[in-house]
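Keep the picture open as you read.

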Amino acid sequence: MGDELFPRKDGKILTSDTDYVDVWRGMEALQSTGKVKSIGVSNFSILQLERLLALCKVPPAVNQVLLLNHTHMPPRSSSSFTASLL
């Protein structure tokens with residue numbers, strides 16, 4: 001199971017029930033100890049960012065997103081949302 005990219009059980013992909021807000025609070029704790037300087041997210045949607053901002057103390061320093069200039073993948077609107085927070 002540990003070597004599989006998408007582990008399965010009974011033919012179904014196993015998912016996690018870990019809430020990203022709980023993970024974020026753990027990263028906030030690391031930042032408060034000085035073990036990390038900045039914390040950020042990757043590929044978060046606007047709804048995820050709004051939820052994180054509403055429930056946590058430290059806003060993400062960055063929302064790293066993959067931007068592709070491709071006709072089948074239009075740009076995501078979260079980039080302008082993230083810029084509006086600055």
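## A ring pair and its surroundings

F44 counts as buried, because its relative accessibility is 13% and the cut-off for buried is under 20%. Keep in mind that this is a predicted model.

What does F44 pair with? A pair of aromatic rings is described by the distance of the centres and the angle of the planes. Y20 lies in helix α1, while F44 lies in the loop between β3 (41-42) and α2 (46-55), so the pair ties together parts that are 24 residues apart in sequence.

Now look at E28, which lies in helix α1 (residues 20-33). Beyond its neighbours within four places in sequence, E28 is in contact with I39, C56, K57 and V58. Take C56 as one of these: E28 and C56 are 28 residues apart in sequence, yet their C-alpha atoms are 8.5 Å apart in space.

| Residue | Relative accessible area | Class |
|---|---|---|
| E28 | 12% | buried |
| F44 | 13% | buried |
| Y20 | 24% | partly exposed |
| F6 | 53% | exposed |

Finally, find F6 in the segment before β1 (8-9). Together with L5 and I13, F6 forms a nonpolar patch on the surface, with about 350 Å² of accessible area in total.

How values were computed:
Residues are numbered from 1 along each chain as its sequence is written. This is a predicted model: local features need pLDDT of at least 70, side-chain atom pairs count only at pLDDT 80 or more; totals for chains, interfaces and linings use all residues. Side-chain values use heavy atoms; hydrogens and water are left out. Helices (H or I, at least four residues) and strands (E, at least two) are DSSP runs, numbered from the N terminus. Buried means under 20% relative accessible area, exposed over 50%, partly exposed in between (1.4 Å probe, protein chains only). Contact means heavy atoms within 4.5 Å. Patches are made of residues with over 30% relative accessible area and no salt bridge: like charges are joined within 9 Å, nonpolar side chains (Val, Leu, Ile, Met, Phe, Trp, Tyr) within 5 Å. Accessible areas come from the Shrake-Rupley method with a 1.4 Å probe; for residues, only the protein chains shown count as cover. A salt bridge is a side-chain nitrogen of Lys or Arg within 4 Å of a carboxyl oxygen of Asp or Glu.
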